[in-house]
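Biologist: Could you take me through this one and tell me what stands behind each label you use?

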Amino acid sequence: MGLEQFKNRNVGTQNYKTLDLDHTPVTGMGQFKQVVSRTFKPELFVGLWVTFREMINALFRGKMHTTQYPFEKLPISPRYRAIHEMLRLLESGHYRCIGCGLCEKICISNCITMDTRYDENQRKEVSEYTINFGRCIFCGYCAEVCPELAIVHGPRYETASEQRASFSLFEDMLTPIDKLNLQQEYQGFGAVSPNADENIKKTPLAY
Amino acid sequence: MDATHLPEVTAAGVIIKAVLILAVVSAIAGFGTYIERKILAFMQRRYGPQHVGPYGLLQLIADGIKLFTKEDIIPQHANKIIFAVAPVITAATAFIALAAVPVFPDFTIPFIDVYVPSIASDINIGILFVLGMMAAGLYGPLLAGMAQANKWGIIGSARTAIQFLSYEVVTGLSILAPIMMVGSLSFVDFNDYQADGTWLVVYQPVAFILFLIAGFAETNRTPFDLLEHEAEVISGYVTEYSGMRWGLFFIGEYANMITIGVIASVVFLGGYNDFWIIPGWLMIIGKIAFSFFFMLWVRAAWPHVRPDQLMWLCWKVLMPLAVINVVITGIVIMLAQ
(Lines give C-alpha, C1' and ligand atoms only; values in the text may rest on other atoms or scores of the structure.)
Protein backbone atom coordinates (compact mmCIF):
# COMPACT_ATOMS: atom_id res chain seq x y z
CA MET A 1 0.00 0.00 0.00
CA GLY A 2 1.57 3.23 -1.09
CA LEU A 3 1.56 6.26 1.11
CA GLU A 4 1.35 8.85 -1.68
CA GLN A 5 -2.40 9.19 -1.42
CA PHE A 6 -2.14 9.86 2.30
CA LYS A 7 0.61 12.41 1.92
CA ASN A 8 -1.40 14.67 -0.37
CA ARG A 9 -2.94 17.01 2.14
CA ASN A 10 -3.58 19.95 -0.16
CA VAL A 11 -7.24 20.62 0.38
CA GLY A 12 -9.01 21.44 -2.82
CA THR A 13 -6.79 19.57 -5.26
CA GLN A 14 -8.82 16.37 -4.92
CA ASN A 15 -11.85 15.66 -7.01
CA TYR A 16 -14.77 16.42 -4.77
CA LYS A 17 -18.28 15.27 -5.60
CA THR A 18 -21.03 17.68 -4.67
CA LEU A 19 -24.15 15.93 -3.42
CA ASP A 20 -27.32 16.62 -5.34
CA LEU A 21 -29.49 17.79 -2.44
CA ASP A 22 -33.04 18.79 -3.26
CA HIS A 23 -34.47 22.00 -1.97
CA THR A 24 -37.29 21.73 0.52
CA PRO A 25 -40.53 21.96 -1.44
CA VAL A 26 -42.64 25.02 -0.70
CA THR A 27 -45.82 24.40 -2.64
CA GLY A 28 -48.32 21.67 -1.87
CA MET A 29 -47.74 20.07 -5.26
CA GLY A 30 -43.98 20.02 -4.63
CA GLN A 31 -44.49 18.32 -1.29
CA PHE A 32 -46.79 15.78 -2.90
CA LYS A 33 -44.21 15.05 -5.58
CA GLN A 34 -41.53 14.60 -2.91
CA VAL A 35 -43.71 12.14 -0.99
CA VAL A 36 -44.46 10.14 -4.13
CA SER A 37 -40.85 10.03 -5.26
CA ARG A 38 -39.68 9.02 -1.79
CA THR A 39 -42.36 6.35 -1.58
CA PHE A 40 -41.42 4.67 -4.82
CA LYS A 41 -37.67 5.05 -4.55
CA PRO A 42 -36.20 1.75 -3.36
CA GLU A 43 -34.17 3.49 -0.65
CA LEU A 44 -35.83 1.56 2.16
CA PHE A 45 -34.90 -1.68 0.47
CA VAL A 46 -31.31 -0.53 0.12
CA GLY A 47 -31.28 -0.29 3.91
CA LEU A 48 -32.71 -3.78 4.22
CA TRP A 49 -30.14 -5.10 1.78
CA VAL A 50 -27.25 -3.52 3.66
CA THR A 51 -28.18 -5.14 6.95
CA PHE A 52 -28.84 -8.48 5.27
CA ARG A 53 -25.49 -8.31 3.46
CA GLU A 54 -23.73 -7.61 6.74
CA MET A 55 -25.43 -10.62 8.30
CA ILE A 56 -24.23 -12.84 5.45
CA ASN A 57 -20.75 -11.33 5.77
CA ALA A 58 -20.68 -11.98 9.49
CA LEU A 59 -22.06 -15.50 9.37
CA PHE A 60 -20.55 -17.00 6.25
CA ARG A 61 -17.62 -14.85 5.18
CA GLY A 62 -15.83 -14.63 8.51
CA LYS A 63 -16.24 -10.90 8.92
CA MET A 64 -17.56 -11.04 12.45
CA HIS A 65 -16.33 -7.89 14.11
CA THR A 66 -16.22 -9.05 17.71
CA THR A 67 -12.93 -9.90 19.39
CA GLN A 68 -13.89 -12.38 22.09
CA TYR A 69 -11.53 -10.72 24.53
CA PRO A 70 -10.56 -13.17 27.22
CA PHE A 71 -10.21 -15.88 24.58
CA GLU A 72 -8.79 -13.81 21.74
CA LYS A 73 -6.46 -10.87 22.08
CA LEU A 74 -5.51 -8.20 19.62
CA PRO A 75 -1.75 -7.72 19.13
CA ILE A 76 -0.49 -4.94 21.33
CA SER A 77 1.79 -2.16 20.23
CA PRO A 78 5.48 -2.66 21.12
CA ARG A 79 5.57 0.81 22.58
CA TYR A 80 2.90 -0.09 25.11
CA ARG A 81 4.27 0.08 28.64
CA ALA A 82 2.87 -2.80 30.65
CA ILE A 83 4.40 -4.94 33.42
CA HIS A 84 8.17 -5.12 33.11
CA GLU A 85 10.03 -8.16 31.89
CA MET A 86 13.61 -9.14 32.56
CA LEU A 87 15.19 -10.71 29.50
CA ARG A 88 17.83 -13.41 29.26
CA LEU A 89 20.84 -13.79 26.99
CA LEU A 90 19.87 -16.03 24.15
CA GLU A 91 23.15 -17.97 24.05
CA SER A 92 23.77 -18.80 27.70
CA GLY A 93 20.33 -18.34 29.17
CA HIS A 94 21.82 -16.15 31.88
CA TYR A 95 19.87 -13.03 32.78
CA ARG A 96 21.09 -9.93 31.01
CA CYS A 97 21.08 -7.65 34.02
CA ILE A 98 24.58 -6.60 34.97
CA GLY A 99 23.56 -4.99 38.21
CA CYS A 100 24.63 -1.45 37.17
CA GLY A 101 21.80 0.14 39.13
CA LEU A 102 20.89 2.75 36.50
CA CYS A 103 17.22 1.81 36.52
CA GLU A 104 17.09 2.16 40.27
CA LYS A 105 18.70 5.60 40.01
CA ILE A 106 16.54 6.96 37.22
CA CYS A 107 13.24 5.69 38.58
CA ILE A 108 11.29 8.87 39.32
CA SER A 109 8.85 7.20 41.67
CA ASN A 110 11.51 5.28 43.54
CA CYS A 111 9.82 1.97 43.06
CA ILE A 112 12.78 -0.16 41.97
CA THR A 113 14.79 -1.73 44.74
CA MET A 114 17.85 -3.77 43.92
CA ASP A 115 20.77 -5.29 45.75
CA THR A 116 23.88 -6.75 44.17
CA ARG A 117 26.94 -8.66 45.28
CA TYR A 118 30.05 -10.16 43.70
CA ASP A 119 29.85 -13.84 42.93
CA GLU A 120 32.77 -16.29 42.99
CA ASN A 121 33.99 -15.07 39.55
CA GLN A 122 34.00 -11.48 40.75
CA ARG A 123 31.05 -10.73 38.47
CA LYS A 124 28.16 -8.67 39.69
CA GLU A 125 25.14 -10.74 40.56
CA VAL A 126 21.64 -9.47 41.29
CA SER A 127 20.74 -10.77 44.70
CA GLU A 128 17.49 -8.90 45.05
CA TYR A 129 15.37 -6.99 42.57
CA THR A 130 11.79 -5.86 43.13
CA ILE A 131 9.53 -3.29 41.56
CA ASN A 132 6.80 -1.84 43.75
CA PHE A 133 3.89 -1.74 41.35
CA GLY A 134 1.89 0.24 43.83
CA ARG A 135 4.20 3.13 43.08
CA CYS A 136 5.30 2.45 39.51
CA ILE A 137 3.86 4.97 37.05
CA PHE A 138 5.00 2.97 34.00
CA CYS A 139 6.97 5.89 32.63
CA GLY A 140 9.42 3.59 30.89
CA TYR A 141 12.64 5.37 31.97
CA CYS A 142 14.09 2.14 33.38
CA ALA A 143 13.73 0.40 30.06
CA GLU A 144 15.10 3.44 28.25
CA VAL A 145 18.18 3.76 30.39
CA CYS A 146 19.08 0.07 30.54
CA PRO A 147 22.37 -0.42 28.63
CA GLU A 148 21.87 -4.13 28.15
CA LEU A 149 18.18 -4.18 27.06
CA ALA A 150 17.68 -6.30 30.16
CA ILE A 151 14.57 -4.64 31.57
CA VAL A 152 11.83 -3.94 29.05
CA HIS A 153 8.11 -3.42 29.15
CA GLY A 154 6.31 -6.60 28.22
CA PRO A 155 2.83 -7.06 26.77
CA ARG A 156 1.25 -8.28 30.01
CA TYR A 157 -1.45 -5.66 30.61
CA GLU A 158 -3.83 -7.78 32.70
CA THR A 159 -2.59 -6.73 36.10
CA ALA A 160 -5.45 -7.75 38.34
CA SER A 161 -4.28 -10.05 41.11
CA GLU A 162 -4.81 -10.77 44.74
CA GLN A 163 -1.33 -9.54 45.64
CA ARG A 164 0.71 -6.79 44.08
CA ALA A 165 3.74 -8.90 44.88
CA SER A 166 2.60 -11.45 42.29
CA PHE A 167 4.30 -9.45 39.58
CA SER A 168 7.11 -7.74 41.27
CA LEU A 169 9.86 -10.25 42.07
CA PHE A 170 12.84 -10.68 39.81
CA GLU A 171 11.97 -14.32 39.16
CA ASP A 172 8.42 -13.40 38.16
CA MET A 173 9.61 -10.89 35.60
CA LEU A 174 12.44 -13.02 34.28
CA THR A 175 11.79 -14.98 31.10
CA PRO A 176 11.25 -18.62 32.13
CA ILE A 177 14.27 -20.64 31.09
CA ASP A 178 12.17 -23.19 29.21
CA LYS A 179 10.54 -20.42 27.16
CA LEU A 180 13.79 -18.82 26.13
CA ASN A 181 13.14 -19.48 22.47
CA LEU A 182 9.87 -17.55 22.73
CA GLN A 183 11.53 -14.46 24.18
CA GLN A 184 10.58 -11.37 22.18
CA GLU A 185 13.29 -8.82 21.54
CA TYR A 186 12.32 -5.28 22.43
CA GLN A 187 11.49 -3.40 19.25
CA GLY A 188 12.57 -0.07 20.64
CA PHE A 189 10.75 3.13 21.28
CA GLY A 190 8.63 4.28 18.33
CA ALA A 191 8.21 0.79 16.89
CA VAL A 192 4.88 0.20 15.15
CA SER A 193 2.38 -2.53 15.97
CA PRO A 194 2.76 -5.85 14.17
CA ASN A 195 -0.67 -5.30 12.55
CA ALA A 196 -0.07 -1.63 11.75
CA ASP A 197 -0.63 -2.14 8.02
CA GLU A 198 -4.13 -3.53 8.58
CA ASN A 199 -5.03 -0.60 10.79
CA ILE A 200 -4.21 2.08 8.24
CA LYS A 201 -7.36 3.85 7.16
CA LYS A 202 -7.94 6.58 4.67
CA THR A 203 -8.26 9.97 6.23
CA PRO A 204 -11.04 12.20 4.93
CA LEU A 205 -8.49 14.37 3.12
CA ALA A 206 -7.61 11.48 0.84
CA TYR A 207 -11.14 10.94 -0.45
CA MET B 1 -62.63 -32.18 4.45
CA ASP B 2 -63.30 -35.82 3.79
CA ALA B 3 -66.54 -37.38 4.82
CA THR B 4 -65.08 -39.76 7.35
CA HIS B 5 -64.17 -37.17 9.89
CA LEU B 6 -65.21 -37.85 13.42
CA PRO B 7 -66.92 -35.36 15.71
CA GLU B 8 -64.64 -33.08 17.62
CA VAL B 9 -64.09 -33.61 21.33
CA THR B 10 -65.66 -30.30 22.23
CA ALA B 11 -65.09 -29.12 25.79
CA ALA B 12 -61.97 -31.12 26.56
CA GLY B 13 -60.55 -30.39 23.12
CA VAL B 14 -60.97 -26.65 23.51
CA ILE B 15 -59.35 -26.69 26.93
CA ILE B 16 -56.44 -28.77 25.67
CA LYS B 17 -55.98 -26.42 22.73
CA ALA B 18 -56.18 -23.34 24.95
CA VAL B 19 -53.50 -24.74 27.25
CA LEU B 20 -51.38 -25.72 24.25
CA ILE B 21 -51.65 -22.25 22.72
CA LEU B 22 -50.77 -20.63 26.03
CA ALA B 23 -47.79 -22.91 26.60
CA VAL B 24 -46.42 -22.95 23.07
CA VAL B 25 -46.87 -19.26 22.34
CA SER B 26 -45.40 -18.09 25.63
CA ALA B 27 -42.46 -20.43 25.03
CA ILE B 28 -42.02 -19.05 21.52
CA ALA B 29 -42.38 -15.52 22.86
CA GLY B 30 -39.56 -16.18 25.29
CA PHE B 31 -37.50 -17.83 22.61
CA GLY B 32 -38.27 -14.85 20.36
CA THR B 33 -36.23 -12.59 22.62
CA TYR B 34 -33.24 -14.88 22.05
CA ILE B 35 -33.84 -14.94 18.29
CA GLU B 36 -34.17 -11.16 18.23
CA ARG B 37 -30.92 -10.63 20.07
CA LYS B 38 -29.12 -13.10 17.84
CA ILE B 39 -30.44 -11.72 14.55
CA LEU B 40 -29.82 -8.10 15.52
CA ALA B 41 -26.32 -9.06 16.62
CA PHE B 42 -25.55 -10.83 13.35
CA MET B 43 -26.78 -7.86 11.36
CA GLN B 44 -24.37 -5.66 13.28
CA ARG B 45 -21.61 -8.29 12.91
CA ARG B 46 -21.68 -9.23 16.57
CA TYR B 47 -22.21 -12.65 18.16
CA GLY B 48 -25.09 -11.95 20.52
CA PRO B 49 -25.66 -14.14 23.57
CA GLN B 50 -23.38 -17.15 23.38
CA HIS B 51 -22.06 -18.05 26.80
CA VAL B 52 -25.14 -19.44 28.57
CA GLY B 53 -25.61 -22.92 27.19
CA PRO B 54 -24.69 -24.02 23.66
CA TYR B 55 -24.86 -21.00 21.30
CA GLY B 56 -26.37 -19.05 24.20
CA LEU B 57 -29.60 -21.03 23.92
CA LEU B 58 -30.16 -21.08 27.66
CA GLN B 59 -29.99 -17.29 27.83
CA LEU B 60 -33.76 -17.10 27.96
CA ILE B 61 -33.80 -19.33 31.05
CA ALA B 62 -31.26 -17.03 32.67
CA ASP B 63 -33.42 -14.04 31.73
CA GLY B 64 -36.49 -15.80 33.06
CA ILE B 65 -34.83 -16.52 36.40
CA LYS B 66 -33.72 -12.90 36.56
CA LEU B 67 -37.21 -11.57 35.80
CA PHE B 68 -38.90 -13.88 38.29
CA THR B 69 -36.52 -13.14 41.13
CA LYS B 70 -36.28 -9.37 40.72
CA GLU B 71 -38.05 -7.23 43.24
CA ASP B 72 -41.50 -6.19 42.12
CA ILE B 73 -41.58 -2.48 42.90
CA ILE B 74 -44.79 -0.49 42.91
CA PRO B 75 -44.07 3.25 43.15
CA GLN B 76 -45.41 5.11 46.15
CA HIS B 77 -47.76 7.44 44.32
CA ALA B 78 -48.88 5.00 41.67
CA ASN B 79 -52.46 3.84 41.42
CA LYS B 80 -51.64 0.41 42.73
CA ILE B 81 -54.57 -1.58 41.35
CA ILE B 82 -54.30 -0.25 37.80
CA PHE B 83 -50.52 -0.48 37.95
CA ALA B 84 -50.78 -4.14 38.86
CA VAL B 85 -53.50 -5.00 36.36
CA ALA B 86 -52.10 -3.22 33.28
CA PRO B 87 -49.42 -5.79 32.29
CA VAL B 88 -51.95 -8.57 32.63
CA ILE B 89 -54.20 -6.80 30.11
CA THR B 90 -51.44 -6.73 27.52
CA ALA B 91 -50.44 -10.35 27.99
CA ALA B 92 -53.98 -11.72 28.34
CA THR B 93 -55.41 -9.98 25.28
CA ALA B 94 -52.46 -11.13 23.21
CA PHE B 95 -53.24 -14.74 24.10
CA ILE B 96 -57.02 -14.34 23.79
CA ALA B 97 -56.52 -13.01 20.27
CA LEU B 98 -54.80 -16.26 19.35
CA ALA B 99 -57.95 -18.23 20.24
CA ALA B 100 -59.67 -17.42 16.95
CA VAL B 101 -56.61 -17.84 14.74
CA PRO B 102 -56.05 -21.11 12.87
CA VAL B 103 -52.42 -22.10 12.58
CA PHE B 104 -52.29 -25.62 11.17
CA PRO B 105 -54.45 -27.65 8.80
CA ASP B 106 -57.05 -29.84 10.46
CA PHE B 107 -55.66 -33.24 11.27
CA THR B 108 -56.58 -36.56 12.85
CA ILE B 109 -54.62 -37.80 15.82
CA PRO B 110 -53.35 -41.26 14.83
CA PHE B 111 -54.25 -44.41 16.86
CA ILE B 112 -57.18 -42.83 18.71
CA ASP B 113 -58.85 -41.37 15.61
CA VAL B 114 -59.79 -38.00 17.01
CA TYR B 115 -60.46 -35.36 14.39
CA VAL B 116 -58.92 -32.03 15.43
CA PRO B 117 -59.66 -28.71 13.78
CA SER B 118 -56.59 -26.63 14.49
CA ILE B 119 -58.37 -23.62 15.91
CA ALA B 120 -59.56 -23.10 19.43
CA SER B 121 -62.87 -21.65 18.30
CA ASP B 122 -63.84 -20.97 14.69
CA ILE B 123 -66.11 -18.02 15.38
CA ASN B 124 -67.75 -16.39 12.38
CA ILE B 125 -66.37 -12.93 13.23
CA GLY B 126 -62.79 -14.18 13.58
CA ILE B 127 -60.99 -11.20 12.08
CA LEU B 128 -63.04 -8.66 13.99
CA PHE B 129 -62.45 -10.58 17.21
CA VAL B 130 -58.69 -10.83 16.73
CA LEU B 131 -58.23 -7.21 15.68
CA GLY B 132 -60.51 -6.08 18.50
CA MET B 133 -58.56 -8.09 21.05
CA MET B 134 -55.25 -6.75 19.81
CA ALA B 135 -56.66 -3.23 19.95
CA ALA B 136 -57.90 -3.86 23.49
CA GLY B 137 -54.36 -4.86 24.34
CA LEU B 138 -53.37 -1.22 23.91
CA TYR B 139 -55.22 -0.52 27.17
CA GLY B 140 -52.23 -2.14 28.86
CA PRO B 141 -49.68 0.55 27.89
CA LEU B 142 -52.31 3.28 28.18
CA LEU B 143 -53.29 2.43 31.76
CA ALA B 144 -49.75 1.49 32.77
CA GLY B 145 -48.39 4.85 31.69
CA MET B 146 -51.11 6.81 33.45
CA ALA B 147 -51.07 4.77 36.66
CA GLN B 148 -47.39 5.07 37.52
CA ALA B 149 -47.13 8.78 38.45
CA ASN B 150 -44.14 9.31 36.21
CA LYS B 151 -43.84 11.94 33.49
CA TRP B 152 -42.22 9.54 31.05
CA GLY B 153 -45.03 7.10 31.67
CA ILE B 154 -47.57 9.83 30.91
CA ILE B 155 -45.79 10.66 27.65
CA GLY B 156 -45.67 6.96 26.82
CA SER B 157 -49.38 6.55 27.35
CA ALA B 158 -50.13 9.72 25.36
CA ARG B 159 -48.13 8.23 22.53
CA THR B 160 -50.06 4.99 22.92
CA ALA B 161 -53.28 6.92 22.36
CA ILE B 162 -51.82 8.68 19.32
CA GLN B 163 -50.54 5.46 17.82
CA PHE B 164 -53.76 3.62 18.54
CA LEU B 165 -55.88 6.31 16.88
CA SER B 166 -53.57 6.37 13.87
CA TYR B 167 -53.01 2.79 12.85
CA GLU B 168 -56.29 1.20 13.85
CA VAL B 169 -58.12 2.93 10.99
CA VAL B 170 -55.55 1.66 8.52
CA THR B 171 -55.67 -1.90 9.88
CA GLY B 172 -59.43 -2.06 9.53
CA LEU B 173 -59.62 -0.43 6.10
CA SER B 174 -56.71 -2.38 4.65
CA ILE B 175 -58.15 -5.72 5.66
CA LEU B 176 -61.62 -4.68 4.46
CA ALA B 177 -60.75 -5.25 0.81
CA PRO B 178 -59.78 -8.94 1.26
CA ILE B 179 -62.90 -9.38 3.41
CA MET B 180 -65.00 -8.04 0.51
CA MET B 181 -63.37 -10.51 -1.87
CA VAL B 182 -63.77 -13.52 0.39
CA GLY B 183 -67.16 -12.51 1.78
CA SER B 184 -66.49 -13.85 5.25
CA LEU B 185 -64.84 -12.84 8.49
CA SER B 186 -63.70 -16.33 9.43
CA PHE B 187 -60.03 -17.15 9.01
CA VAL B 188 -60.88 -20.67 7.88
CA ASP B 189 -62.85 -19.24 4.96
CA PHE B 190 -59.90 -17.03 4.06
CA ASN B 191 -57.67 -20.06 4.00
CA ASP B 192 -60.08 -22.10 1.90
CA TYR B 193 -60.50 -19.20 -0.54
CA GLN B 194 -56.80 -19.51 -1.37
CA ALA B 195 -56.87 -23.30 -1.62
CA ASP B 196 -56.33 -23.16 -5.39
CA GLY B 197 -52.82 -21.84 -4.78
CA THR B 198 -53.35 -18.18 -5.73
CA TRP B 199 -52.45 -16.07 -2.75
CA LEU B 200 -54.60 -13.06 -1.94
CA VAL B 201 -51.52 -10.85 -1.95
CA VAL B 202 -51.58 -11.18 -5.74
CA TYR B 203 -54.99 -9.48 -5.89
CA GLN B 204 -54.42 -7.15 -2.95
CA PRO B 205 -50.77 -6.03 -2.87
CA VAL B 206 -51.64 -2.56 -1.60
CA ALA B 207 -53.79 -3.93 1.19
CA PHE B 208 -50.98 -6.31 2.15
CA ILE B 209 -48.42 -3.54 2.43
CA LEU B 210 -50.82 -1.32 4.35
CA PHE B 211 -51.62 -4.17 6.70
CA LEU B 212 -47.92 -4.85 7.28
CA ILE B 213 -47.26 -1.20 8.10
CA ALA B 214 -50.23 -1.09 10.45
CA GLY B 215 -49.09 -4.39 11.95
CA PHE B 216 -45.73 -2.88 12.84
CA ALA B 217 -47.57 -0.06 14.58
CA GLU B 218 -49.89 -2.53 16.29
CA THR B 219 -47.02 -4.53 17.78
CA ASN B 220 -44.90 -1.45 18.66
CA ARG B 221 -42.11 -2.66 16.42
CA THR B 222 -39.29 -0.42 15.43
CA PRO B 223 -40.32 2.03 12.75
CA PHE B 224 -43.23 2.89 15.05
CA ASP B 225 -41.53 2.08 18.33
CA LEU B 226 -42.80 5.27 19.98
CA LEU B 227 -44.26 3.95 23.21
CA GLU B 228 -41.04 2.98 24.88
CA HIS B 229 -38.35 4.53 22.77
CA GLU B 230 -35.44 4.71 25.20
CA ALA B 231 -33.62 7.60 23.59
CA GLU B 232 -36.61 9.90 23.88
CA VAL B 233 -38.82 8.86 26.79
CA ILE B 234 -36.60 6.61 28.98
CA SER B 235 -38.84 3.57 28.61
CA GLY B 236 -42.19 5.25 28.09
CA TYR B 237 -44.98 3.28 29.66
CA VAL B 238 -42.66 0.66 31.23
CA THR B 239 -40.42 3.16 33.01
CA GLU B 240 -41.51 2.19 36.51
CA TYR B 241 -42.03 -1.51 35.89
CA SER B 242 -39.67 -4.19 37.06
CA GLY B 243 -39.47 -7.93 37.30
CA MET B 244 -42.21 -10.11 35.97
CA ARG B 245 -44.72 -7.31 35.40
CA TRP B 246 -42.25 -5.84 32.94
CA GLY B 247 -41.81 -9.31 31.47
CA LEU B 248 -45.56 -9.67 30.92
CA PHE B 249 -45.56 -6.61 28.66
CA PHE B 250 -42.91 -8.17 26.50
CA ILE B 251 -44.49 -11.61 26.41
CA GLY B 252 -47.57 -9.77 25.16
CA GLU B 253 -45.56 -7.89 22.56
CA TYR B 254 -43.94 -11.01 21.19
CA ALA B 255 -47.24 -12.90 21.21
CA ASN B 256 -48.69 -10.02 19.20
CA MET B 257 -45.85 -10.31 16.72
CA ILE B 258 -46.72 -13.96 16.24
CA THR B 259 -50.41 -13.11 15.88
CA ILE B 260 -49.67 -10.50 13.21
CA GLY B 261 -47.52 -13.08 11.45
CA VAL B 262 -50.35 -15.62 11.53
CA ILE B 263 -52.92 -13.10 10.27
CA ALA B 264 -50.66 -11.95 7.44
CA SER B 265 -49.99 -15.58 6.49
CA VAL B 266 -53.60 -16.72 6.59
CA VAL B 267 -55.22 -13.66 5.05
CA PHE B 268 -52.67 -12.70 2.40
CA LEU B 269 -50.06 -15.39 1.97
CA GLY B 270 -52.05 -18.53 1.26
CA GLY B 271 -52.58 -19.76 4.82
CA TYR B 272 -51.90 -23.39 5.58
CA ASN B 273 -52.64 -24.77 2.14
CA ASP B 274 -50.20 -27.23 0.66
CA PHE B 275 -47.77 -25.61 -1.74
CA TRP B 276 -46.37 -27.89 -4.45
CA ILE B 277 -44.91 -30.77 -2.41
CA ILE B 278 -44.46 -28.81 0.79
CA PRO B 279 -47.13 -29.70 3.36
CA GLY B 280 -49.33 -26.91 4.66
CA TRP B 281 -48.16 -27.01 8.27
CA LEU B 282 -44.58 -26.50 7.14
CA MET B 283 -45.62 -23.70 4.78
CA ILE B 284 -47.35 -21.71 7.49
CA ILE B 285 -44.51 -22.23 9.97
CA GLY B 286 -42.17 -20.91 7.29
CA LYS B 287 -44.38 -17.89 6.63
CA ILE B 288 -44.77 -17.03 10.31
CA ALA B 289 -41.04 -17.47 10.85
CA PHE B 290 -40.31 -15.21 7.90
CA SER B 291 -42.65 -12.50 9.08
CA PHE B 292 -41.05 -12.68 12.53
CA PHE B 293 -37.62 -12.44 10.92
CA PHE B 294 -38.84 -9.55 8.78
CA MET B 295 -39.82 -7.59 11.89
CA LEU B 296 -36.32 -8.08 13.33
CA TRP B 297 -34.74 -7.27 9.98
CA VAL B 298 -36.64 -4.01 9.75
CA ARG B 299 -35.62 -3.18 13.30
CA ALA B 300 -31.98 -3.62 12.36
CA ALA B 301 -32.26 -1.57 9.19
CA TRP B 302 -34.62 1.34 9.62
CA PRO B 303 -34.76 4.29 11.97
CA HIS B 304 -37.98 5.03 13.71
CA VAL B 305 -40.36 7.89 13.09
CA ARG B 306 -41.59 10.72 15.25
CA PRO B 307 -45.13 10.60 16.65
CA ASP B 308 -46.26 13.42 14.35
CA GLN B 309 -44.74 11.60 11.38
CA LEU B 310 -46.66 8.47 12.35
CA MET B 311 -49.94 10.41 12.48
CA TRP B 312 -49.10 12.13 9.20
CA LEU B 313 -48.30 8.80 7.58
CA CYS B 314 -51.37 7.00 8.83
CA TRP B 315 -53.98 9.70 8.31
CA LYS B 316 -52.71 11.49 5.23
CA VAL B 317 -51.09 8.70 3.23
CA LEU B 318 -52.15 5.25 4.33
CA MET B 319 -55.81 5.92 5.07
CA PRO B 320 -56.56 7.54 1.67
CA LEU B 321 -54.70 4.69 -0.03
CA ALA B 322 -56.73 2.16 1.93
CA VAL B 323 -59.99 3.89 1.06
CA ILE B 324 -59.06 4.05 -2.63
CA ASN B 325 -58.12 0.38 -2.47
CA VAL B 326 -61.49 -0.50 -0.96
CA VAL B 327 -63.38 1.54 -3.56
CA ILE B 328 -61.50 0.02 -6.49
CA THR B 329 -61.96 -3.48 -5.08
CA GLY B 330 -65.69 -2.80 -4.74
CA ILE B 331 -65.99 -1.55 -8.32
CA VAL B 332 -64.09 -4.54 -9.69
CA ILE B 333 -66.22 -6.99 -7.68
CA MET B 334 -69.37 -5.24 -8.89
CA LEU B 335 -68.26 -5.34 -12.53
CA ALA B 336 -67.21 -8.97 -12.28
CA GLN B 337 -70.64 -10.11 -11.19
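Here is how the labels and values go together.

Modeller: This is a predicted model, where local features need pLDDT of at least 70, side-chain atom pairs count only at pLDDT 80 or more, and totals for chains, interfaces and linings use all residues. Residues are numbered from 1 along each chain as its sequence is written, while chains are lettered from A and ligands numbered from 1 in the order in which they are written.

Biologist: Okay, what makes chain B as compact as a globular protein of its length?

Modeller: Chain B has 13 helices and two strands, counted as DSSP runs (helices H or I, at least four residues; strands E, at least two) and numbered from the N terminus. The radius of gyration of chain B is 21 Å, close to the 20 Å from the globule rule for 337 residues, so chain B counts as that compact. The radius is taken over C-alpha atoms, and the rule is 2.2 Å times the number of residues to the power 0.38.

Biologist: And what is called a nonpolar core here?

Modeller: A set of buried Ala, Val, Leu, Ile, Met, Phe, Trp, Tyr and Cys residues joined through C-beta atoms within 7 Å. Buried means 20 or more other C-beta atoms within 10 Å of the residue's own (exposed is 12 or fewer, partly exposed in between), with C-beta atoms placed from the backbone. The largest such core has 84 residues, and Val130(B) and Ala255(B) touch the most other members. Helix α11 (residues 243-267) of chain B gives the largest share, 14 residues.

Biologist: Which residues does Ala255(B) contact, leaving aside its neighbours within four places in sequence?

Modeller: Val25(B), Ala29(B), Ala94(B), Phe95(B) and Leu98(B). Contact means that the C-beta atoms, placed from the backbone, lie within 7 Å.

Biologist: How do you know that the buried residues of α4(B) are on the same side?

Modeller: Those of helix α4 (residues 126-136) of chain B are Gly126(B), Ile127(B), Phe129(B), Val130(B), Met133(B) and Met134(B). They cover an arc of only 165° around the axis, so they sit on the same side of α4(B). That arc is of the directions from the helix axis to the C-beta atoms.

Biologist: What about the side of chain B that touches chain A: how does it split by class?

Modeller: 10 residues of chain B are in contact with 16 residues of chain A. On chain B's side, α12(B) gives the most, with three residues. By class, that side has eight nonpolar, no polar and two charged residues. Nonpolar covers Ala, Val, Leu, Ile, Met, Phe, Trp, Tyr, Cys and Pro, charged covers Asp, Glu, Lys and Arg, and the others, Gly among them, are polar.

How values were computed: Two residues are in contact if their C-beta atoms, placed from the backbone, lie within 7 Å.
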